[in-house]
Amino acid sequence: MQVCVLGAGVVGLTTAYYLARDGHDVTVLEGRGGAALEASFANGGQLSYSYVAPLADPAVLPHLPAWLLQRDSALRFVPRLDVQQWRWCVSFLLACRTHRARRTAVELLALGALSRDALHALVHDEALDFDYVRNGKLVVYRNPVEFERARRRMEPLVAAGVEQHALDAAACVALEPALADAQPLLAGGIHTPSEEAGDCHRFGVALADVLQRRYRVTIRYATPVSELVAPNGSVIAARTPRGDVRADAFVVALGNGSVPLLGALGVRLPIYPLTGYSLTITAPPPRAPRVSVTDLHRKVVYAPLGGRLRVAGMVEIAGMDPGQRVARLALLARHAQEMFPAAGDYLAARTWCGHRPATPDSKPLLGATPYRNLWLNTGHGALGFTLACGSARAVAEAIAGRTPPVDLAAYSLRR
Ligand SMILES: Cc1cc2nc3c(=O)[nH]c(=O)nc-3n(C[C@H](O)[C@H](O)[C@H](O)COP(=O)(O)OP(=O)(O)OC[C@H]3O[C@@H](n4cnc5c(N)ncnc54)[C@H](O)[C@@H]3O)c2cc1C
């Protein structure tokens with residue numbers, strides 16, 4: 001079958017990979033001049049399969065006033081005259097109900113486990129070079145009450161076989177000596193040795209290369225799709241400035257770009273851009289962390305990527321507005337300075353601002369649409385790198401008419 005994948009971010013490229021391995025003739029269409037240049041470019045680098053809990057959780061409700069009022073809150077809501085923003089926020093609040101949040105966490109854990117197995121197989125089969133490390137993750141807590149709560153939440157996971165350890169502040173520093181300066185701030189941490197990290201952009205570039213060389217996938221860069229031509233309940237072509245591209249099936253993996261394209265077909269996707277920022281220190285001195293560290297209080301992640309240190313964080317519900325960029329990046333640098341003061345020159349870091357294509361309940365949209373041959377693999381929010389391989393494998397299985405390894409009903413448009 002001829003399959004056209006729309007988007008060459010981490011989600012589109014992994015989709016193309018599993019489709020090509022299934023023997024399909026695959027074409028990828030991408031508006032930008034290269035692979036993984038949008039949300040997949042300089043993200044936090046975490047492959048964090050055990051930390052996939054949704055943002056929408058009853059525990060966030062008491063923090064809502066701070067989101068609205070405090071300019072330096074890690075999560076910020078900037079109200080706009082935008083129906084989509086308000087609709088997304090209402091759905092987010094509904095997703096915070098306890099039973100929904102719990103069910104979502106279980107579903108995302110299953111997709112995370114599938115993604116980890118799929119990524120391991122991909123790395124084994126294709127030997128991609130993307131600064132991939134299995135270095136474990138340490139989530140540090142400043143507040144003793146929150147740490148104790150996390151320790152209690154960990155117990156059923158440990159009983160179910162997940163390897164996690166609760167560490168006091170001294171043990172956190174013993175594990176990650178770069179935390180020594182921050183020790184007085186820490187109540188403790190939860191260490192998950194099996195977590196991984198890598199450079200998402202380098203992963204995308206390396207995978208695009210393998211797709212073209214080994215699997216004969218055609219990738220057309222600088223080819224924005226302006227419209228899907230769908231006269232009778234199925235799509236016949238993707239319209240681009242270079243002409244129409246016809247195929248038997250189409251997969252939408254356009255991240256935030258999925259919304260206007262499908263909106264024009266009458267398919268409303270509940271995706272809203274959640275802005276985040278990152279700093280990349282290119283030559284950190286030896287006192288940079290080697291373990292991935294998450295500072296839960298600040299919602300900042302630190303990932304060692306080859307010889308570099310990636311610092312990422314902040315969530316803004318503010319549309320694509322670039323207005324806060326300078327102030328937010330400065331705030332991120334201050335947070336990093338506080339946690340790892342000797343890890344490098346934060347003022348000389350490379351800066352980036354990206355937009356997570358997020359659904360209100362943090363679950364991606366996977367599978368069928370009202371159009372017979374149009375499929376979704378989009379809306380991965382803060383977890384796109386982590387969940388890309390599992391999502392792509394599941395969608396490829398559904399397109400082949402096989403039963404996917406996770407139940408796609410949980411990720412459908414009408415869930
Ligand atoms: C600050 C930050 C930190 C993050 N940290 C992590 C992390 O640590 N771990 C993790 O798992 N995830 C993380 N994420 C989330 C992750 O980066 C995203 O979920 C993921 O990159 C989404 O991938 P995608 O392929 O769906 O979207 P994108 O990477 O945005 O790809 C979509 C592609 O479609 C193209 N496109 C759009 N419209 C059109 C069109 N009309 N025609 C043609 N092409 C089009 C775009 O150019 C783009 O290349 C983070 C995100 C941010 C912003």
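**Close-up views of a predicted model**

**View 1. Phe130, Tyr132, Phe203 and Phe385 make up one aromatic cluster.** The model is predicted: local features require pLDDT of at least 70 and side-chain atom pairs pLDDT 80 or more, whereas totals for chains, interfaces and linings use all residues. Residues are numbered from 1 along each chain as its sequence is written, and side-chain values use heavy atoms, with hydrogens and water left out. The whole structure holds twelve aromatic pairs (ring centres of Phe, Tyr or the six-membered ring of Trp within 6.5 Å; planes under 30 degrees apart are stacked, over 60 edge-to-face, the rest tilted).

**View 2. Tyrosine 17 and tyrosine 18 pair edge-to-face.** Their centres are 5.0 Å apart, with 80 degrees between the planes. Tyrosine 17 is buried at 1% relative accessibility, and tyrosine 18 is buried at 12% (buried: under 20% relative accessible area, 1.4 Å probe, protein chains only).

**View 3. Two lysines lie over tyrosine rings.** Lysine 137 is 5.7 Å from the ring centre of tyrosine 51, and the charged end of lysine 363 is 5.8 Å from that of tyrosine 411 (NZ of Lys or CZ of Arg within 6 Å of the ring centre and within 35 degrees of the ring normal).

Terms used: Buried means under 20% relative accessible area, exposed over 50%, partly exposed in between (1.4 Å probe, protein chains only).
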